[in-house]
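Hello,

Here is the structure I promised to pass on.

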Amino acid sequence: MKYLQYLAAILAVAPSILAAPNTGRDGNPYLGVQPYANKGYAAKLEETIKYFNKEKDYLNAARTRSVQKVPTFGWVSNSAAVPDLKGLFSEALAAQRRTGKKQLVQVVVYNLPDRDCSAKASDGEFHLSDDGLNKYKAFIDSVAAEFSTKDAQKLQFSIILEPDSLGNLVTNLNVEKCANAAEAYREGTSYAIAKLQKENIALYLDAAHGGWLGWNDNLAPSAKIFAEVLEGAKAINPSAKVRGLAINVSNYNQYIAPVREDYTEWSNSWDEWHYVNSLTPHLEEAGYPAHFIVDQGRSGKAGIRTEWGQWCNIKNAGFGTRPTADQKILNNTNVDAIVWVKPGGESDGTSDETAVRFDTMCRSPVAHVPAPEAGDWFNDYVVNLVKNAEPPLRASLF
């Protein structure tokens, strides 16, 4: 009976998955490869599938199974997560052998000292008051070692370095913690670039999103900082290079917004497609590569916020455009790919006002409450991501 109900669910919805074309390589690391669907994330989604089955909502259970097949990034956000890379690489190699397709493994490195300096929800393990910069460099050395193994050499990689870091150097130096961390952010990120230089690794620095750095007055200063950090890496390793920038990581901005939100009225970067166009000439002038990947993991729905600064567990969000490198969809040659960086279902931050890492944004009028600590699984939230996905998720039996 359940099989027939699953089958009915599948027939009820048309497939809408967007696949990257196999068109060879032009420097874009997303062409001619298969981005890897992370098994660790897929395992967490089993809780969501069980929830829908319990509710006899077999269509959304089947839709959640399709999410298990979507390529997502693995996050290395503390020292304890470094050994997990071995397993991730082993799983990707197994998929490569099984399918005959070169796997692109996507990873976020996120552990700068005094991390998340302008907020509280994602404060990390290293602090500048406790030799945090040197500890961070040792952490990067351990990460680089994992990418130097024989297994790693058989794969391709896309790595995003340090979300929500360099953007603070443009706009938040009035925050004491950010002012104190500024040089460490620069030096630490340059060090990471220099140490993660492999032919099979494409590096992207984080460039926040259009609502943060996309304002006209922020564009040139942002490009200048990215270029300076790259030059800092070249001072350590003269052959250091990066592919470009990652934008909208863990955020909710749409790539191409169907309507312009009221709070974007005075910005030319009112969606991420326009942000790419706004920032590109400044990057070219600064001598920084103008190639982008755009997180759309939770950007399916418009009209769910009242201001750009709302970032924590936004209610009514939905899974967004599926990962793709197809220029028919991207419509922008500076964009390498749409990706899913933030694993949909991992909390942005706790709504517990007594918690050490509580941030007021996690109890804003548009935040989903109650919510667990940043990074913890938030199943109620995933349920809504599935239901509100745009385009709608296809259904899958397996």
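The notes below cover one leucine and then the aromatic rings.

Bear in mind that this is a predicted model.

Start with Leu213. Leu213 sits in helix α9, which spans residues 210–213. Its relative accessibility is 0%, so Leu213 counts as buried. What does Leu213 touch, leaving aside its neighbours within four places in sequence? Its contacts are Gly167, Val170, Thr171, Ala207, Ala208, Asn218, Leu219, Ser222, Phe226 and Tyr275. Asn168 is 45 residues from Leu213 in sequence, yet their C-alpha atoms are 9.5 Å apart in space.

Now the rings. The count of aromatic pairs is 13. One of them joins Tyr41 and Trp377 edge-to-face, with 6.2 Å centre to centre and 65° between the planes. This pair links distant parts of the chain, 336 residues apart. Tyr41 belongs to helix α2 (residues 39–54), while Trp377 lies in the loop between β8 (335–339) and α13 (379–387). Tyr41 counts as buried because its relative accessibility is 5%, under the 20% cut-off.

Phe319 and Trp340 form a stacked pair. Their centres are 4.9 Å apart, with 10° between the planes. Phe319 is in the loop between β7 (292–295) and α12 (327–330). Trp340 is in the loop between β8 and α13, 21 residues from Phe319. Both Phe319 and Trp340 are buried.

Two more items. Phe89, Phe147 and Phe157 are linked into a cluster by ring pairs. Arg115 lies over the face of Tyr110, 4.2 Å from the ring centre.

Best wishes

How values were computed
Residues numbered from 1 in each chain as written. Predicted model: local features only at pLDDT ≥ 70, side-chain atom pairs only at ≥ 80, totals over all residues. Heavy atoms only, no water. Helix = DSSP H or I, 4+ residues; strand = E, 2+ residues; numbered from the N terminus. Buried < 20%, exposed > 50% of the residue type's maximum accessible area, 1.4 Å probe, protein only. Contact = heavy atoms within 4.5 Å. Phe/Tyr/Trp six-rings, centres within 6.5 Å; stacked < 30°, edge-to-face > 60°. Lys NZ or Arg CZ within 6 Å of the ring centre and 35° of its normal.
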